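Here is a short report on one protein chain. It moves from the overall fold to single residues and their contacts.

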Amino acid sequence: MDRQENHDYLTTHGIRYEAVDNMAGLDLVEHPYPDCDAKG
């Protein structure tokens, strides 16, 4: 899937997300499960 297909899939299925462009951007996102890793 490309970026647009990912966006469309998540939006269509009502899945909440925050997109970041790099790993440093993850520090700015509030994680609902802080003890778990996020994967991009």
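The protein has one helix and zero strands. The model is predicted. Its overall figures are collected below.

| Property | Value |
|---|---|
| C-alpha span along the principal axes | about 25 × 20 × 15 Å |
| Buried share of the 40 residues | 8% |
| Accessible surface | about 4100 Å² |
| Part of that surface on carbon and sulfur atoms | 52% |

Asp2 caps the N-terminal end of α1. One of its side-chain oxygens lies 3.1 Å from the backbone nitrogen of Gln4. Gly14 follows α1 and has a positive phi, near 65 degrees. Ile15 sits in the segment after α1, the helix itself covering 3–12.

**A salt bridge.** A search of the whole structure finds one salt bridge. Arg3 forms this kind of contact with Asp21, and the closest N and O atoms are 3.5 Å apart. The pair links distant parts of the chain. Arg3 belongs to helix α1, while Asp21 lies in the segment after α1, 18 residues apart. Arg3 and Asp21 are both exposed. In general, side chains of opposite charge can pair when their charged atoms come close.

**A nonpolar patch.** Which residues form a nonpolar patch on the surface? They are Met1, Tyr9 and Ile15, with about 330 Å² of accessible area together.

Methods:
Residues are numbered from 1 along each chain as its sequence is written. This is a predicted model: local features need pLDDT of at least 70, side-chain atom pairs count only at pLDDT 80 or more; totals for chains, interfaces and linings use all residues. Side-chain values use heavy atoms; hydrogens and water are left out. Helices (H or I, at least four residues) and strands (E, at least two) are DSSP runs, numbered from the N terminus. Buried means under 20% relative accessible area, exposed over 50%, partly exposed in between (1.4 Å probe, protein chains only). Accessible areas come from the Shrake-Rupley method with a 1.4 Å probe; for residues, only the protein chains shown count as cover. Patches are made of residues with over 30% relative accessible area and no salt bridge: like charges are joined within 9 Å, nonpolar side chains (Val, Leu, Ile, Met, Phe, Trp, Tyr) within 5 Å. A salt bridge is a side-chain nitrogen of Lys or Arg within 4 Å of a carboxyl oxygen of Asp or Glu. A polar contact is a pair of N or O atoms within 3.5 Å; within protein, one must be able to donate a hydrogen and the other to accept it, and residues adjacent in sequence count only if both atoms are side-chain atoms.
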